[in-house]
Amino acid sequence: MACPAMGRRLNGRSISIHRCYTVSETATALGLHRGSVLRWLSKGELSPIDQSKPFLIHGKALREFIDRRTPRKQKCALHEWFCFRCRAPRTAAFGEAEIIGANVNSCNIRALCSDCAAVVHKRFSLKTLATLRRIIRLSAPQHLKHLIE
Ligand SMILES: [Zn+2]
């Protein structure tokens, strides 16, 4: 990737919305190189308060910029696994999943991502198994068979 800041979560909590920041201050506050900030300015992704140099960026504009860039947390539905390869919730390939471990309250269920076939794992409360079974086919090794019967 060309831009080291691309895809990185930016933390704007140290940015005050009541003051202005120079390019260097912005970079320091976000733990980035000045070049990243200058690139955002040149691309128009981030707007300075005016075109006079040195550029000043309003804290409020900076916070809004960070919010726009921060990917929303994607919540998985009951029958979805978070696939780290796709970076998104995915259903189980072929509608099948396998219980691979369990304790008194929960079990670990393995499936294949329906999109990229990567192995995905998720913990399920034993209470949700009945519901899950209505959505996908569950299998289990002999010693855990009682969980799905
Ligand atoms: Zn995937």
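Trainee: Okay, which domains does the domain assignment give?
Mentor: There's domain 1, covering 20-69, and domain 2, covering 80-148. Keep in mind that this is a predicted model.

Trainee: What separation do the centres of domain 1 and domain 2 have?
Mentor: Taken over C-alpha atoms, the centres sit 44 Å apart.

Trainee: Now the largest nonpolar core. Which of its residues touch the most other members?
Mentor: Trp81, Ala97, Ile99, Ile109, Ala111 and Val120, out of 13 residues in that core. The elements supplying two or more residues are strands S3 (80-83), S4 (88-102), S5 (106-113) and S6 (119-125).

Trainee: And which element gives the most to this core?
Mentor: That's S5, with four residues.

Trainee: Let's zoom in on Ala97. What does Ala97 touch?
Mentor: Leaving out residues up to four places away in sequence, Ala97 is in contact with Ala92, Ile109, Arg110, Ala111, Ile136 and Leu138.

Trainee: Switching to strands: do S3 and S4 run parallel or antiparallel?
Mentor: Antiparallel, with four bridges joining them. Phe82 stands opposite Pro89 in S4.

Trainee: What about the hairpin of S3 and S4, how many residues lie between the strands?
Mentor: Four, and in that hairpin Arg87 takes a positive phi near 55°.

Methods:
Residues are numbered from 1 along each chain as its sequence is written. This is a predicted model: local features need pLDDT of at least 70, side-chain atom pairs count only at pLDDT 80 or more; totals for chains, interfaces and linings use all residues. A nonpolar core is a set of buried Ala, Val, Leu, Ile, Met, Phe, Trp, Tyr and Cys residues joined through C-beta atoms within 7 Å. A residue is buried if 20 or more other C-beta atoms lie within 10 Å of its own, exposed if 12 or fewer, and partly exposed in between; C-beta atoms are placed from the backbone. Two residues are in contact if their C-beta atoms, placed from the backbone, lie within 7 Å. Domain bounds come from an automatic or database domain assignment. Two strands pair if DSSP finds at least two bridges between them.
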